[in-house]
Amino acid sequence: MSLVGTLLALLLLPFLLIGIVQRTRSWWAGRRGPGLWQSAFDVQRLLRKQSVYSTTTTPLFRIAPWVFLASAVGSALLTPVLGLPPVLSFPFDFVWFLYAFGLGRVAIMLAALDTGSSFEGMGAAREGLFASLLEPVWFAAFGALFCLTDATSLAELLPAPITGLPAATVVAAVALALLVAVQVESARVPVDDPATHLELTMIHEVQVLDHSGPDLAAIQIGSALKLFIGASLLVALLHPCPAAPAPWPQLVAAGMLIGVAVLIGTIESLVARLQLRMVPWYIGAALLLGTVGLLATAWRGEGGR
Amino acid sequence: MTVVVRWPGSALPPATAESWRADVLARLRGGARLVTLFGRRLGDQVLLTAVLQHPDGALHVARALALADTGYRALTAEHAAAHCFERELVEQTGLPLTDHPWPKPLRYQDRDQAAMADHPFWQLQGKEVHEVAVGPIHAGVIEPGSFRFSCLGEQVHHLEIQLGYQHRGVEARLLAGDPRRHTPLVETIAGDTSVAHAWAFGAALEALADVAVPAAAVAARGVALELERIAMHLAGLSGLATDIAFLQGASSWGRLRTTAINTSMRLCGSRFGRGAVRPGGVRMALTAELRAEVAANLRLLQHDCAHVDDLFFGARSATHRLRGIGTLRPDVAAEIGVVGMAARASGLALDARTAAGGIWHEVPIASVVHADGDCLARARIRADEIRASLAWLSQVLERHPEWPAPPPPLPSLAPGQFVVAIVEGWRGEVVHCLETDERGRLTHAKVQDPSLRNWLGLAVAMRGNEISDFPICNKSFDLSYCGHDL
């Protein structure tokens, strides 16, 4: 039952999450905004279309979107969503989780380089740089949680029990680091701007300019899934009552998910995008937070574990 | 400003190209500013014209006949601000100039358009350099133009901009038919600067026809011009906020632009100021009801702009994004002849309105100058100019509540005259030069949009910046493709 619930959530909620982010942005801009399911309709439209391929591309270009989607699904299966246990769980699965992200990213970067476009090459170079900077952030954040809970898998890692100031410090630092990681991974403001039409400033969007039809749909589903996974991690990390009786954890998680989407949308509405050369500093701040979390676990350890 | 210089065109100038060149250079060294420079083919000779502005604001016209096969040594070699004029001169007259450091076609006018694909771009070579070609077709609904970035990684070493794709033969079209009926055509030279072009063209025709425009009509033209300035500045600020993904600024300024252009529509029937100015006067009626509506719109703009400006320039993330990006130093801006709001953002107090008579003398407008020359300064200039224009509009509407009826057709134009008219559009000075032959027909029409000179300012401002900063630099200059290409 819970397996069906998890799979349904993974299938539908990513689009709803993007819809809520968009609606929040529209609200801040004083507009009505598109419907909550607009991104799902967009994907549906793309799936009905035919993909167009440039003559300079190789088969690599054709499989990349599907590798990206598969890798996002692979990570999603390990993530506890909506207060439900994940579909799959095994010791040290967060390594799989992170490198599935990495595999999808490499696929998109290679496909971008495959087109031979100077724009897409620049986008791939930026993606590669920022991703390599982001990797230690993920490990510091998960490492801190790992030390805090003595868990070995994402399912046990999250939620972290908040007992006392040291644990609260760890969770707060990790939550902030994860928020930045989600913004970078999902190409959101202030790191990237999913709404821009300016190729020279893009990171993620420019790499997928040449994809069309079902291929583009696969990338959009994968991107939505990545945002949803990230938001779900935050929700699971901060969930106040994961062990409560049946409908409550799910209801609380759903409410918190909406809260995360509104938070992301609000940040995007009130903050300008960073200069590109400032993005490494922004990721560096997240790394600092992750490290603070990691060090705070030692503080807790001293108190006797 | 509408400065009109008469020049007895029938008497051919006695000066030779060499003495003309020496005279122009001497004046430039003496602190004068080159306003425009162009030529017209007369058989095996080329009639050269240079318009200079002395530091006191007075205009000087220097003309000479050059032999079409000998030419002269390019002024650009010693005075970089002449670069675009002399490129155009070569392209339009075939006059051979020596020592021009950048002798490339300006807009490939009257030539095979296929040649544009082989434009000799400056090339950067080396192991770690790469070139990025953007355009001529761009994403989004904008005009065509080809940009070639020579980069070291993310850093732009040089940007070359090649234009001409929008060339429509405006100057030739102005000579065909009765020029007194050409204002609708002139309003489409650069659609976002309709009022300024129409006013400059109208002022030149009025000077040729020796017609005086009533003070109230000049005031009405000023109202249309400042409404155009406010609307375009709001559009530019909204675009700039969009490009830095600052949603609040983008939507708020975008909303206010609608109020500004709708005010223009109520006055002249067009949101872009078309039909407002006609030779001899204006075609706008100001009823009591309309006056109240305009005043209410101005109050709304004044109130909301102050609020939105404070929020935008108070947002650290927004100012940090723009500060120090695309800096054009004052000395460089002066050297390459940047004009208008871009020049004022780089510390140059260039504003044709301050030296002009008429309504600008009666109700002086506060001209804003910033020194930093970066994208933030160009954003601040626009916000400040909106406020100055709003304050000015309120005063003018109070002083001139009645506008005259549409003017009668102009009488015929005086023969053998040459006139220059300058109007400070929102982007900078719009210059129209008209010349009549011995029978009072137009023999030469020279149109100059500030974009012609400012495109190089954008290219120079990009040097050393990151390529990802190009869109905001571009938006901060906000230049016209069709105004350049004519």
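**View 1. A proline in a loop of chain A.** In this predicted model, A:Pro190 sits in the loop that runs between α7 (164–185) and α8 (204–207) of chain A. Most peptide bonds are trans.

**View 2. An aspartate with a positive phi.** A:Asp150 belongs to the loop between α5 (118–149) and α6 (154–157) of chain A. This residue is not a glycine, yet its phi is positive, about 60°. Most residues other than glycine have a negative phi. Is A:Asp150 buried or exposed? A:Asp150 counts as exposed because it has 9 C-beta neighbours inside 10 Å, and the cut-off for exposed is 12 or fewer.

**View 3. A tyrosine with a positive phi.** Now turn to chain B, where B:Tyr108 lies in the loop between β6 (97–98) and β7 (129–134). B:Tyr108 is not a glycine either, and its phi is positive at about 50°. B:Tyr108 is buried because 20 other C-beta atoms lie within 10 Å, and buried calls for 20 or more.

View 4. Across the boundary, 12 residues of domain 1 are in contact with 12 residues of domain 2. Which element gives the largest share of the domain 1 side? That is β2(B), with five residues. By class, this side of domain 1 has eight nonpolar, three polar and one charged residues.

Key
Residues numbered from 1 in each chain as written. Chains lettered and ligands numbered in written order. Predicted model: local features only at pLDDT ≥ 70, side-chain atom pairs only at ≥ 80, totals over all residues. Contact = placed C-beta atoms within 7 Å. Helix = DSSP H or I, 4+ residues; strand = E, 2+ residues; numbered from the N terminus. Nonpolar A, V, L, I, M, F, W, Y, C, P; charged D, E, K, R; others polar.
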